Structures are given as structure tokens and as C-alpha cells.
2 protein chains.
Amino acid sequence: MAMYSEMTKEELEKELESLKAEYKSYKDKDLNLDMSRGKPSREQLDLSMGMLDVLTSDMDLLCEDGTDCRNYGVLSGIQEAKVLLGDMMENHPDNIIIYGNSSLNVMYDTVARAMTHGIMGHTPWCKLDKVKFICPVPGYDRHFAITEYFGIEMIPVQMDENGPDMDEVERLVSSDEAIKGIWCVPKYANPTGTSYSDEVVRRMARLKPAAADFRIFWDNAYGIHHLYEDKQDYVLEILAECKKAGHPDMVYKFASTSKITFPGSGIASLATSLNNLEDINNQLKNQTIGHDKVNQLRHVRFFGDIHGMMEHMKKHAAIIRPKFEAVEEILEKNLGGLGIGEWTNPKGGYFISFNSLDGCAKEIVRLAKKAGVKMTDAGATWPYHKDPHDSNIRIAPTYPPIGDLKLAAELFTLCVKLASAKKLLEEM
Amino acid sequence: MAMYSEMTKEELEKELESLKAEYKSYKDKDLNLDMSRGKPSREQLDLSMGMLDVLTSDMDLLCEDGTDCRNYGVLSGIQEAKVLLGDMMENHPDNIIIYGNSSLNVMYDTVARAMTHGIMGHTPWCKLDKVKFICPVPGYDRHFAITEYFGIEMIPVQMDENGPDMDEVERLVSSDEAIKGIWCVPKYANPTGTSYSDEVVRRMARLKPAAADFRIFWDNAYGIHHLYEDKQDYVLEILAECKKAGHPDMVYKFASTSKITFPGSGIASLATSLNNLEDINNQLKNQTIGHDKVNQLRHVRFFGDIHGMMEHMKKHAAIIRPKFEAVEEILEKNLGGLGIGEWTNPKGGYFISFNSLDGCAKEIVRLAKKAGVKMTDAGATWPYHKDPHDSNIRIAPTYPPIGDLKLAAELFTLCVKLASAKKLLEEM
């Protein structure tokens with residue numbers, strides 16, 4: 001089929017009629033499908049059922065150092081969990097705090113602490129007239145929700161295939177003392193699947209911020225979430241790069257096992273410099289006596305070590321890879337060559353990012369919803385839910401069974417064609 | 001033996017010599033005992049080992065409503081956990097949020113949220129010149145640590161056998177708009193073991209605060225932590241009392257299973273009005289996708305219902321009751337009639353509160369520590385660690401094996417006698 005933009009009005013009108021008929025036949029199916037959130041599927045959750053059997057009443061719950069995991073204490077996490085998650089994050093155990101079940105919560109608390117108490121002796125952000133964050137776009141809606149909740153002004157910076165536009169990041173960070181942070185998903189980014197290039201990471205570590213308390217919020221959510229054994233992205237380790245660049249304290253790195261074991265019942269962690277850790281522990285000791293050590297021990301006993309975890313991730317990949325490939329195949333089959341959409345083909349992570357013609361994303365999501373397929377809201381990948389192009393849509397292929405997913409993807413592409421044809425006709 | 005205060009100088013000097021000899025013999029034993037923190041003993045932890053067996057890989061992890069506890073979601077907790085903890089807290093499940101492993105963390109977050117965002121539309125506390133809390137004394141050091149950390153001025157109000165001095169609380173709360181909260185441990189209080197009388201609870205619910213965003217922080221940490229089956233304290237339900245008094249939004253009530261199942265691996269909860277819940281959920285949705293539902297389900301399956309939990313608590317009581325009684329017996333045997341100390345004989349909770357002669361507490365704790373028995377720091381039960389009388393010491397009998405505990409209690413009473421004799425001699 002020809003590019004939509006090269007069709008005559010008559011051709012487009014005819015196409016639209018045919019698309020409408022097809023859309024109606026989908027609506028008659030009464031679908032109820034969900035491609036909106038990055039949730040593991042039931043089959044993936046089943047992979048971790050062994051977690052429930054590794055600790056039983058006939059064994060002890062002692063750490064290697066003799067600590068009874070059942071009782072109070074051990075604020076920063078048990079040593080063997082630090083080792084395991086340190087290996088996962090490519091950081092030394094001494095640089096790690098193990099938290100509760102949610103890295104989002106750790107990020108929230110990190111911002112909250114900076115608001116009320118400031119970072120390493122600097123002015124609490126709540127005492128400042130203005131605090132700003134750089135938000136690479138498209139990005140993760142829950143990051144943006146945290147900064148929006150705290151009244152932090154968000155400045156979008158465009159992502160390309162290498163990561164955020166570093167010229168722009170450097171310009172902003174070095175010139176504006178109100179800029180206190182940047183949200184980064186450096187590997188298999190949400191939603192683009194992009195992994196930051198070596199140059200981007202190096203430039204990130206070499207930023208010369210106007211604000212002494214500027215921090216990189218490095219959400220390594222998909223560090224080991226590869227789709228392929230033979231095609232993997234590698235991202236430079238940011239703590240090491242910052243240290244080499246003379247800015248050891250400039251980064252907080254976050255991760256969790258949410259998409260490794262059970263979402264909501266995993267363990268989260270933060271890796272950062274010893275100075276930052278001291279700063280954080282001074283707060284953390286007032287907030288809690290310690291996180292769930294039994295669950296930390298459960299994770300350690302289940303995986304044994306990082307190799308066990310990597311083998312486990314291959315099983316996840318075997319389940320979700322066909323889903324990504326199915327969606328990508330349908331996108332290509334139905335939209336390839338039409339000039340009405342572009343999408344990413346990520347090598348890991350949880351999302352495919354789709355860019356429609358400008359001004360079509362909301363309409364595509366509306367049409368899909370009306371026909372029974374829930375997508376992430378258009379705009380969600382931008383601060384304040386405002387995508388100035390109204391073009392970006394996040395596709396989350398992991399949760400639905402593959403049959404449902406294919407149906408949802410077919411419908412999605414139909415909605416893309418419908419919205420695009422209407423848009424182009426309007427503009428004629 | 002006679003009252004120390006009635007001894008002659010010579011008698012006291014002779015007594016002191018004999019005490020010193022006895023103290024030396026303790027020091028020679030090279031003890032290493034701990035009566036400092038309210039931690040369950042190993043035997044108590046063993047009671048909950050069945051928790052590890054109630055969820056296994058061959059069963060489903062579905063809620064009664066079909067929710068898969070393994071995946072993301074359910075921000076405020078699974079329904080059956082709300083029912084169980086609602087029964088535990090004597091509140092309706094609709095008034096409850098289930099959190100992670102630590103009620104201290106919930107209290108911290110509640111203060112932090114008020115600092116950054118205010119309560120129900122009121123000015124964020126961080127924007128005010130001054131915020132104050134009333135702190136009944138002696139009280140819980142970790143409460144005071146939270147308010148101190150946030151720069152909140154703490155006003156001590158004396159506890160008596162019915163709870164806080166309500167004349168003073170009423171006077172303060174109604175006259176000072178900067179007073180935004182009061183820390184309460186209403187039942188088997190930390191450290192006195194006091195339970196608030198009906199009158200105290202009623203007056204608490206009928207406070208007429210100058211500040212519209214004043215809140216009672218009601219830490220119901222020991223709600224079902226009875227020592228005796230036949231002698232139990234009952235405390236009026238504070239949400240109901242506040243509602244009846246026309247102040248439904250005036251209280252946050254906290255609890256957890258930390259001293260029921262595994263400390264650090266339990267579940268925490270907050271009960272409050274629907275208005276407060278709406279306010280809290282508006283924040284919570286930015287902080288996390290949800291807490292550990294698998295652990296919530298584990299608790300529900302382990303206990304079945306509140307009756308199961310109460311039966312479980314009887315087993316705890318059977319272990320710790322003899323420890324309380326042993327300490328009380330030794331206190332009576334060694335200090336009774338000497339006029340150098342008073343202590344509480346609680347019917348529940350985790351602590352015995354001891355009051356020495358003024359100016360002796362620090363010395364007693366120092367002497368005990370030097371001879372190998374760790375006590376909670378003197379002063380810890382007061383805001384800023386400043387006990388103006390230097391007299392209150394918190395005794396935590398639960399953790400050590402009973403043999404160790406008796407030895408520690410014997411040594412403690414010896415240190416009380418030593419410090420008191422020295423003090424009285426100094427004053428002669």
C-alpha cells in the first residue's frame with residue numbers, strides 16, 4: 001500500500017470507509033484487552049513460585065553472619081542481599097542499601113528527603129523558590145508524577161537513539177542553579193527501549209551542574225531485563241564514571257527485583273557513594289528500624305547468586321520475547337511503508353514506543369479504548385501529561401496472553417490507520 | 001532493710017562498701033546482657049515459623065476477590081488483610097490502609113507528608129515558622145526522633161496512671177495554633193505500661209485545638225499484647241470517640257504485626273477517617289504502586305481470623321509473662337521499702353518503667369553497662385534525650401533468656417542501690 005500522505009483525497013476517503021467497516025467488526029467482538037501497564041504476565045509470575053518454598057518452618061532464618069532475619073534491625077539490609085543486588089547493579093555491596101518492596105518508593109523518599117532536609121547539608125528544596133528537574137522524553141509517567149507532586153518544575157529534553165540530548169542537558173544543568181536533578185532510565189528505557197550510549201553516560205558523569213546538590217536519578221529498572229541472549233545492550237556503570245570524573249556523589253542509582261520475582265513483593269535497592277549513604281542513613285534511621293529481612297533472605301536463597309538470577313531472567317525472556325516480536329511483526333505488517341507511524345524494536349525492557357503523526361495519539365488511544373483495548377494514556381510519557389506533538393504512545397506487550405496481544409495489536413494498528421486517515425483528510 | 005533516706009551517714013557508707021564489693025563480683029562475671037530494646041525473644045519468633053509454610057508453590061496466591069497477590073497493584077491493601085487488621089484495631093476495614101513492614105515508617109511518612117503538603121488542604125508545615133508536638137513523658141524514643149528530625153518543637157506533658165495530664169494537654173492544644181500533634185501510645189504504653197482511662201480518651205477526642213490541622217498520632221502498638229488472660233486493660237476506640245465528638249478527622253491510628261509475627265517482616269496499618277484516607281491516598285499513589293500483598297496474604301492465611309490471632313497472642317504471653325514477673329519480683333525483693341525507686345507492673349506491652357531518685361538514672365545505666373548489662377539510655381524516654389529529673393529508665397524484659405534476665409535484673413537493682421547510696425551521701 002502507498003504512503004498515506006501520497007494518497008489523493010478520494011483514495012484516502014475510500015481507505016477510511018474500509019477502515020471504519022473493519023473497526024466496526026472489532027467493536028462487535030466486545031474485546032476487553034490491556035496493553036497499558038508494564039506488568040509481568042501470569043506465566044512470568046509462575047517462574048518465581050519456588051520463592052515460596054525456599055524458607056520453611058524446619059530451617060533457620062540466619063544470615064551468614066548469624067543475624068536472625070526474623071527480628072528487628074539491620075537498617076541497610078543483610079550482607080548477602082547487598083552482594084546479590086550489588087552484582088545485579090554492578091556495584092560494590094558497601095555502596096548499597098536494600099529497601100522494601102518498591103524502588104519507586106525509594107525514589108519518592110529520596111526526593112522527599114531532599115525537600116525537607118536537603119542533600120548533604122545543602123538548603124532543603126522546600127525552602128527554595130524554585131526547584132527544577134530535567135525529564136528526558138518520552139519517559140516514565142511515575143517519575144514525572146513524583147516531581148509534579150512535589151511542585152518541582154519539569155523541563156522536557158528529547159531522547160534520541162543514544163539517550164537524552166546531552167547538548168541540551170549540559171546547557172541546562174550548567175546554567176541554572178534551580179535544576180536539581182534529572183530522571184534517567186539508562187537501559188531499555190521506559191518507554192523507548194533505548195540504552196544510553198557510552199558517550200551519553202560519560203557526558204552525564206561529566207556534567208558541571210550550577211547546583212552543588214544536583215543529582216542524577218538513575219533508575220536502572222531494566223538492568224538485566226534482556227529479550228535476547230545474543231543481542232544485549234551494555235551501559236557504562238554510572239557510579240564508576242561519576243567517580244572517575246571527580247563527581248562521586250552526583251548519582252543515586254535505583255533498582256529492584258519487581259520484574260524479576262514478584263512485583264510488589266520484591267526487594268528494592270539504592271547504590272550510591274559513601275557520602276550519600278551517610279546522608280541517607282542519617283534520615284533512614286528515623287524512618288524505620290529496618291526493611292523486610294526475611295524477604296531479603298528469601299531472594300538470596302532462591303537465586304543463590306547472580307548467575308542464578310541471570311538464568312532466571314532467560315526464562316522471563318523466553319516468555320516475553322515472542323510477545324514483543326508478535327507486536328513488532330503486526331506493526332510492520334500493517335503500518336510498514338504507510339508513513340503514519342514509527343516504533344522502536346527494543347532489545348530489552350518492557351515497552352515499545354510508538355510515534356504517530358502529530359496530533360493523532362489521543363485519538364488512537366480513544367479509538368482503541370472504545371473498541372475494548374486499553375493503552376497507556378496518550379501524553380503519559382510527557383511531564384504534566386502534555387505531549388506537545390500528541391504523538392507518543394507506550395505499548396506494553398508483556399501482560400496479555402499472546403492471542404489477546406495479537407488481537408490488541410491488530411486493533412491498535414487499525415486505530416492508527418483510522419486516526420491518521422481522518423487527520424490527513426482534515427488537513428486537505 | 002530501712003529506707004535509704006533514713007539511714008545515718010555511717011550506715012550508708014557501710015552499705016555502699018558492701019554494694020561495691022557485690023558490684024565487683026558482678027564485674028568479674030564478664031556479663032554481656034541486653035535489656036535495652038523491646039525485641040521479641042527467639043522463642044517468641046519460633047511461634048510464627050508456620051508463617052513460612054502457609055504459602056507454597058503448589059497453591060494459588062489469589063485473594064477472595066480474585067486478585068493475584070503476586071502482581072502489581074492494590075494500593076491500600078488486600079481486603080482480607082484490612083478485615084483482619086481492622087478486627088485487630090477495632091476499626092472498619094473501609095477505614096484502613098495496609099502498609100509495608102513498619103508502622104514507624106507509616107508515622108514518619110505521615111509527618112513527612114504534613115511537612116511537604118499539609119493536611120487536607122492546610123498549609124504545609126514546612127512553610128510555617130513553628131510546628132510543635134505534645135509528647136507525653138516518659139514516652140517512646142523513636143516517636144521523639146521523628147519529630148526532632150523534622151525540627152518540630154516537642155513539649156513534654158507528664159503521664160500519670162490514667163494517661164497524659166489532660167488539663168495540660170487541653171490548655172496547650174486550645175491555646176497554641178503551632179501545636180499540630182500529640183504522640184500517644186494509648187495501651188500498655190511505652191514505657192510505662194499505662195493504658196489511657198476512659199476519661200482520658202474521651203477528653204482527647206473532645207480536644208478543641210487552635211490548629212484546624214491538629215492530629216492525634218495514636219500508636220496502638222500493643223493493642224492485643226496482653227500479659228494476662230484474666231487481667232486486661234480496655235481502651236476506648238478513638239476513631240469512634242472522635243466521630244461522636246464531632247472531630248472525625250482528628251486522629252491517625254497506627255498498628256502493626258511486628259510484635260505478633262516477625263518484627264521487620266510483619267504488616268503495618270493505619271486507621272483513620274475517610275477524609276483523611278482520601279488525603280493520604282492522593283499522596284500514596286505517587287509514592288508506590290502498592291505494598292507487599294504476598295506478605296499480607298501470608299498473614300491472613302496464617303491467622304485465619306482475629307480469633308486465631310488472639311490465640312497466637314496467648315502463646316506470646318505465656319513466654320513473656322514469666323519474664324515480666326521475674327523482673328518485678330527481683331525489683332520488689334531488692335528495692336522494696338528502700339525508697340530509692342518506683343516501677344510499673346504493667347498488664348501488657350513490652351516495658352517496665354523505672355523511676356530512680358532524681359539525678360541517678362544516668363549513673364545507674366552507666367554502672368550497669370560497665371558491668372555488662374545494656375539498658376536503654378537514660379533520658380531516651382524524654383524529648384531531646386533530656387529527662388529533667390534524670391530519673392526514668394526503661395526496662396525491656398522480653399528479649400533475654402530468663403536466666404540472663406534474672407541476672408541482669410539483679411545487677412540492675414544493685415546499680416540502683418549503688419547510685420542511690422552515692423547520691424544520698426553526696427547530699428549529706
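**Strand pairing, helix packing and the chain contact**

In chain B, Ile352(B) stands opposite Ile395(B) of strand 13. Strands here are DSSP runs of E with at least two residues, helices are runs of H or I with at least four, and both are numbered from the N terminus. This is a predicted model, in which local features need pLDDT of at least 70 and side-chain atom pairs count only at pLDDT 80 or more, while totals for chains, interfaces and linings use all residues. Residues are numbered from 1 along each chain as its sequence is written, and chains are lettered from A and ligands numbered from 1 in the order in which they are written.

Strand 11 (residues 352-356) of chain B has a partner in strand 13 (residues 392-395) of chain B, antiparallel to it and joined by 4 bridges; two strands pair if DSSP finds at least two bridges between them. Strand 10 (residues 341-343) of chain B also runs antiparallel to strand 11 of chain B, this time with 3 bridges. Here Glu342(B) has Asn355(B) as its bridge partner in strand 11. Strand 11 of chain B is mostly covered, with 4 of its 5 residues buried (buried means 20 or more other C-beta atoms within 10 Å of a residue's own, exposed 12 or fewer, and partly exposed in between, with C-beta atoms placed from the backbone).

Over in chain A, an open sheet of 3 antiparallel strands has the order 10-11-13. Strand 10 (341-343) and strand 13 (392-395) of chain A sit at the edges, each pairing on one side only. Neighbouring strands of this sheet are turned by 25° against each other on average, direction ignored. Strand 10 of chain A is tied to strand 11 (residues 352-356) of chain A by 3 bridges, and Trp343(A) has Phe354(A) as its bridge partner in strand 11.

Two helices pack on this sheet. Helix 11 of chain A touches strand 10, strand 11 and strand 13 of chain A, its direction making about 20° with that of strand 11. Helix 12 (residues 361-370) of chain A touches strand 11 and strand 13 of chain A, at about 40° to the direction of strand 13. Angles run from 0 to 180 degrees between N-to-C directions, and axes are lines fitted to C-alpha atoms, for helices over the stretch in contact.

Helix 11 (residues 306-335) of chain A also meets helix 13 (residues 402-427) of chain A: their axes come within 9 Å and cross at roughly 30°. That makes helix 11 of chain A roughly parallel to helix 13 of chain A (roughly parallel is under 35 degrees, roughly antiparallel over 145, roughly perpendicular 65 to 115, and the rest oblique). Residues in contact, meaning that their C-beta atoms, placed from the backbone, lie within 7 Å, include Pro322(A), Val327(A) and Leu331(A) from helix 11, and Leu405(A), Ala409(A) and Val416(A) from helix 13. By class, this contact has 10 nonpolar, 2 polar and 3 charged residues; Ala, Val, Leu, Ile, Met, Phe, Trp, Tyr, Cys and Pro count as nonpolar, Asp, Glu, Lys and Arg as charged, and the others, Gly among them, as polar.

Elsewhere in chain A, Leu270(A) lies in strand 9 (residues 268-271). Leu270(A) is buried, with 28 other C-beta atoms within 10 Å. Beyond its neighbours within four places in sequence, Leu270(A) contacts Ile97(A), Tyr99(A), Val106(A), Tyr252(A), Lys253(A) and Phe254(A).

As for the two chains, their contact takes 43 residues from chain A and 43 residues from chain B. On the chain A side, helix 4 of chain A gives the most, with 6 residues. That side divides into 19 nonpolar, 17 polar and 7 charged residues.
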